[in-house]
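Me: I would like to learn how to read a structure feature by feature. Could you take me through one as we look at it together?

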Amino acid sequence: MQNINAFKIEVNGKILDYRLGQDLDLEKVRKFFERKYKVVKIWSEGRHVLGYLEKNNRELFLKLATSEGIGAVTKIEHDWNDAFNNVNPRAKSPFWVPINYDSGLFDNNLFYLITDKFEGKLLSNGPSDTKPLKVLPISLEDVIEFSELIQSLEIKNLNPYSQAIKINHQDWFVSKTKTWFESIPKNIQKEYKLHELLKIVKSGVWRLEAKPRHGDFTPWHLIKLDDRNLGLIDGEHAMGSSVEYYDIGYFIQRVFSVLRNPELAEYIVSLLVGRKYDLAKLKVILSARAIGGFLDESLSQNPDYLQADKFRNWVVSL
Ligand SMILES: Nc1ncnc2c1ncn2[C@@H]1O[C@H](COP(=O)(O)OP(=O)(O)O)[C@@H](O)[C@H]1O
Ligand SMILES: [Mg+2]
C-alpha cells in the first residue's frame, strides 16, 4: 500500500500511520481478554480487531487497534466518548455516543477500548449494500440536529496530537486540505482542475468559526437505537476546535459520492437552506471534501473518478 502523508499522526515526536493495520493472532487476543471478560465473539475487520464481550450480564463492545498509529486515533475516540458524555449526559438527550467501560494496552503497545454495545440499525451499511435506503431518509432531521449538537458542545483539549492546537482552526483546515491535494497524483490534480477547489477553500475559510467535530460523521457510523435515540460511533477523528459545518458537509459528500445518491445529498442541502444555513460556508467545506473524495478514489484498487468529478461539479455550481 502507498505511504501517504494525509494519514499520518505525530505522537511524541514519532510519525505514525493510522491507516495501515496488521494481522493479529486472534487466539492470543481472545486469551488476553478472557482473563477479565466473557468473550462472546471476536473478529478482524480492517484496522481493528472487534469483539462482543460480556461482564456482569452487560454486553460490551471491543475495539483493539492493530498498530501503534491506529492506537493513537483509537485513544482519541476514547477521549471523545468521555468528553461528549461529560457535557451531554444520556438522560438529557436523544443523541448518544458510546460510554467507555475500560481501556488499556494489548501486548504492551496496542491500545484497546471497551464501551457499551449499541443495538439497532445503522442508517446505512455502507457502499457495498445496494438495497434502497429506508432508515436514512427519514432520519435526516435528527442527523442534522446531532451535528448541530456536536457544534454546540464545550469540548476542549481533545486530540493532543492535533496541529490545530498549535495553529488556528482556519490555517489548520487549509493545511489539511493541502495535504489531501498533494497526496493526489499530479495528472489527476490537473485533469480535474482541483486547484480551483483549493482556491475556494483558501479564499473562503475566513468565514468558518471554530467548532467541535466528530470527524467521521457518516450514515454507517449512525445507529437508530429506538424511536427516540440515535447513536454515533467511531470518533477517531474528533476535535475540539475544527471548522463549523465540517460534520454535515462530510456527511453530504459521503451520501453523494460513496452511497452514490446525489438526490439525497441535494435534499439534505435543501433542509439546511430551510434551517437558514450559510451556503457560502457550506461550499468551503464541500470543496475541501471534494478534494478528499479524489484522494479516496486515487487510493482505491481501480480508481474511477466519475463520481468524484460529479460531486466536484455540483459543489462548484452551488
Ligand atoms: N458501540 C458499538 N456497539 C455495537 N457495534 C459497534 C459499536 N461500535 C462499532 N460497532 C460495529 O463495529 C463496526 C466497526 O466499528 P468502527 O468504530 O467504525 O471501527 P473502525 O474505526 O475500524 O471503522 C461498526 O460498523 C459497527 O458495526
Ligand atoms: Mg468506522
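Me: How many helices and strands does the protein have?

Reply: Let me begin with the ground rules. This is a predicted model, in which local features need pLDDT of at least 70 and side-chain atom pairs count only at pLDDT 80 or more, while totals for chains, interfaces and linings use all residues. Residues are numbered from 1 along each chain as its sequence is written, and chains are lettered from A and ligands numbered from 1 in the order in which they are written. Helices (H or I, at least four residues) and strands (E, at least two) are DSSP runs, numbered from the N terminus. Here the protein has 11 helices and 13 strands.

Me: What does the radius of gyration say about the protein?

Reply: The radius of gyration is taken over C-alpha atoms, and the globule rule is 2.2 Å times the number of residues to the power 0.38. For 318 residues a compact globule would come out near 20 Å, and the protein's 19 Å agrees with that. The C-alpha trace spans about 55 × 45 × 40 Å along its principal axes.

Me: And what percentage of the residues is buried?

Reply: A residue is buried if 20 or more other C-beta atoms lie within 10 Å of its own, exposed if 12 or fewer, and partly exposed in between, with C-beta atoms placed from the backbone. Buried residues make up 40% of the 318 in the protein.

Me: Which domains does the assignment give?

Reply: Domain bounds come from an automatic or database domain assignment. In this protein the assignment gives domain 1 (5–116) and domain 2 (121–317). Their C-alpha centres lie 24 Å apart. For the contact, 22 residues come from domain 1 and 24 residues from domain 2; two residues are in contact if their C-beta atoms, placed from the backbone, lie within 7 Å.

Me: Which element gives the most to the side of domain 1 that touches domain 2?

Reply: That is H2, with 11 residues. Strand S1 (8–11), helix H2 (68–87) and strand S6 (95–96) each supply at least two residues of that side. To sort residues by class, count Ala, Val, Leu, Ile, Met, Phe, Trp, Tyr, Cys and Pro as nonpolar, Asp, Glu, Lys and Arg as charged, and the others, Gly among them, as polar. The side of domain 1 that touches domain 2 then has 15 nonpolar, 4 polar and 3 charged residues.

Me: Now the ligand. Which residues around ligand 1 come nearest?

Reply: A residue is near a molecule or strand if its C-beta atom, placed from the backbone, lies within 6 Å of it. Of the 15 residues around ligand 1, His48, Phe61, Phe118, Ile233 and Asp234 come nearest. Strand S4 (48–55) and strand S5 (58–65) are the elements that give two or more residues to this shell. By class, the shell around ligand 1 divides into 5 nonpolar, 4 polar and 6 charged residues. Both domain 1 (5–116) and domain 2 (121–317) contribute at least three residues each to the shell.

Me: Asp234 is on that list. Is Asp234 buried or exposed?

Reply: Asp234 is buried, because 22 other C-beta atoms lie within 10 Å. Asp234 is found in the loop between S12 and strand S13 (239–243). Its backbone deserves a look too. Most residues other than glycine have a negative phi. Phi of Asp234, however, is near 65°, a positive value.

Me: Where is Asn56, and what is its phi?

Reply: Asn56 sits in the loop between S4 and S5, and its phi is near 45°, again positive in a residue other than glycine. Asn56 counts as exposed because it has 6 other C-beta atoms within 10 Å.

Me: How do S7 and S8 pair?

Reply: Two strands pair if DSSP finds at least two bridges between them. Strand S7 (residues 100–106) and strand S8 (residues 110–116) pair in the antiparallel sense over 6 bridges. Gly104, for example, has Tyr112 in S8 as its bridge partner. S7 and S8 form a hairpin with 3 residues between them, and Asp107 in the turn has a positive phi of about 60°.

Me: Which order do the strands of the open sheet of 4 strands have?

Reply: The order is S6-S12-S11-S9, with mixed pairing. S6 and S9 are the edge strands, each pairing on one side only. Strand S11 (residues 222–224) and strand S12 (residues 230–232) pair in the antiparallel sense over 3 bridges, and Leu222 has Leu232 in S12 as its bridge partner.
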